[in-house]
Every structure is written in structure tokens, then in C-alpha cells.
Amino acid sequence: MNAFAQSLLFALAAAFANILGGVIVSSGNWAYRSLRYFVALGSGFMLGTVFLEMLPESLTLTNSAPVLVLVGYLIVHTFEHICISAKRRTMKRS
Amino acid sequence: MNPIVGISALIGMIVHTFFDGVAIGAGFMISPRVGILIFLAVLLHKIPDGFTIASIVITSGHSRGKALAGASALGGSTLVGVLAVHLLGGSVLLAYALPISAGSTLYVAATDLIPEVNREKGVKMAIVVFAGMGLFLVARAIARM
């Protein structure tokens, strides 16, 4: 299986998890409570992936990796900051 | 809440899930090992993401069907991210895609998710974050075998 087929397959699984999260909204309070642990577990895993895998790998690919990392950070910052100022208040309420 | 909030929140999250896809695609272009590690990192916050957008859409006055459509749009945008990095691909793009998606993943983890975790007092949630890092180290060790 080539890299394209592999990443498409895994991305499909990830996309399905998005939809599953949407389905959970209507399934009651216990699901919401366990989501907090998913968030904590996921953020720890992501920090490990960024600092120990993606950053070192990026530095071997290009000399301009540091500025590109900052660009990536700021792109998501810009969109989420403009668009989702109401997001976290909503989560708190639910 | 204003219905427009649901739509703007969706646009914001679509950008972030697009880069989830870019990260997965770039990871698999480097090696299956890196690809799978990035996939697991993405997967662990996908369900909370879908949950978040669906609850915003509902509380901003839309129907449950639209909430599910919103969650599906996040999934779709992840696939578009993978397609973009592979179709436009080549090693030059990869050299840009990986660091940019590293930055976007850093934002989602450290600026988006960690404050959520910190809102809860006590050491239990802090330990779960370390458990997440531990899980990463275990996954990496397995992937290297």
C-alpha cells in the first residue's frame, strides 16, 4: 500500500471520529464527562508528537522550519480566534 | 446565541481539521511510522472536536441534523487536507507542510486543549496529560520495533 492510500485510510478513520463526536452530543451526560479525559489524553499525546517527532523531522527537511512552525501556529490562531470566541463558553455551558 | 456563531465556529474549526489532514498526509510521506504516530495524535482529539462543533451548532439555534452536518464537515476537511498534500505533493511541499502542520498541532494542543484541561482543579487531569505523553512514548517505541 502506498503512502497516499495509507494516509487516506487513516484520515478516513479520523474523519469518522469527528462524526462520532457529533453523535455523542445527543447521547447524555456520561459521554460528556468522559470526553474531558479524551481532551487531556489527546493533548498530552499531541505535545509528545509535536516536540519529539514533528519538530525534529521538520528541522531535517528545511532550514526555514522554525518560521514555518510559527506560521502554522498563527494560521490556526487567526482563524480560531476570529471565529470561535464563543466556542469554549458553549462547551462550559453544555 | 446568534445563528452566525455556529457558522463562524465551523469555519474556524475546518481550518484546524484541514491541517490535521495535512499532518497525516505529510507524516505518511515521510514514513508509515511517523504517519501512524501523527494519526493517533489527531484521532485522540477528533471525537471532542466533533462534539464541540455539534454542541455549538445546536446552542446557536440550528437543528440536530445541521449539527451532524457540521461534524461531518470537519471530517471532510481532514480528507481534503490529505488530498491536498498528496495531489499538490512532492518533496518541496512536504518540507513546508510538515513544519506548518507541526505549528498548527502545537496550537491545538497547547493553546486550545490544555486550557480546557487546566480549568479543572486537582492533579487527576494533570496526570491524564502525562498519561497521554506516556501513551505517545509507548506508541513510538512500538512503531520503532
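In the predicted model, the axes of helix H2 (residues 32–59) of chain B and helix H5 (residues 123–144) of chain B approach within 10 Å and cross at roughly 155 degrees. Angles over 145 degrees count as roughly antiparallel, and H2(B) and H5(B) are therefore roughly antiparallel to each other. The crossing of H2(B) past H5(B) is right-handed. On the H2(B) side, the contact is made by B:Arg33, B:Leu37, B:Leu40 and B:Leu44, which meet B:Leu135, B:Phe136, B:Ala139, B:Arg140, B:Ala143 and B:Arg144 of H5(B). By class, seven nonpolar and three charged residues take part in this contact of H2(B) with H5(B), and no polar ones.

The contact between them draws 66 residues from chain A and 89 residues from chain B. About 7,200 Å² is buried between chain A and chain B, with 79% of this area on carbon and sulfur atoms. Within chain A, the residues that lose the most area to chain B are A:Asn18, A:Phe45 and A:Met46, which together account for 11% of what that side buries.

Two salt bridges are found across the interface of chain A and chain B. A:Glu53 forms a salt bridge with B:Arg33, in which the closest N and O atoms are 3.1 Å apart.

Technical notes. Residues are numbered from 1 along each chain as its sequence is written. Chains are lettered from A and ligands numbered from 1 in the order in which they are written. This is a predicted model: local features need pLDDT of at least 70, side-chain atom pairs count only at pLDDT 80 or more; totals for chains, interfaces and linings use all residues. Side-chain values use heavy atoms; hydrogens and water are left out. Axes are lines fitted to C-alpha atoms, for helices over the stretch in contact, and angles run from 0 to 180 degrees between N-to-C directions. Helices (H or I, at least four residues) and strands (E, at least two) are DSSP runs, numbered from the N terminus. Angles under 35 degrees count as roughly parallel, over 145 as roughly antiparallel, 65 to 115 as roughly perpendicular and the rest as oblique. A crossing is left-handed if the near helix is turned anticlockwise from the far one by less than a right angle, and right-handed if clockwise. Contact means heavy atoms within 4.5 Å. Ala, Val, Leu, Ile, Met, Phe, Trp, Tyr, Cys and Pro count as nonpolar, Asp, Glu, Lys and Arg as charged, and the others, Gly among them, as polar. Buried area is the accessible area (1.4 Å probe) that two parts lose on being put together, summed over both. A salt bridge is a side-chain nitrogen of Lys or Arg within 4 Å of a carboxyl oxygen of Asp or Glu.
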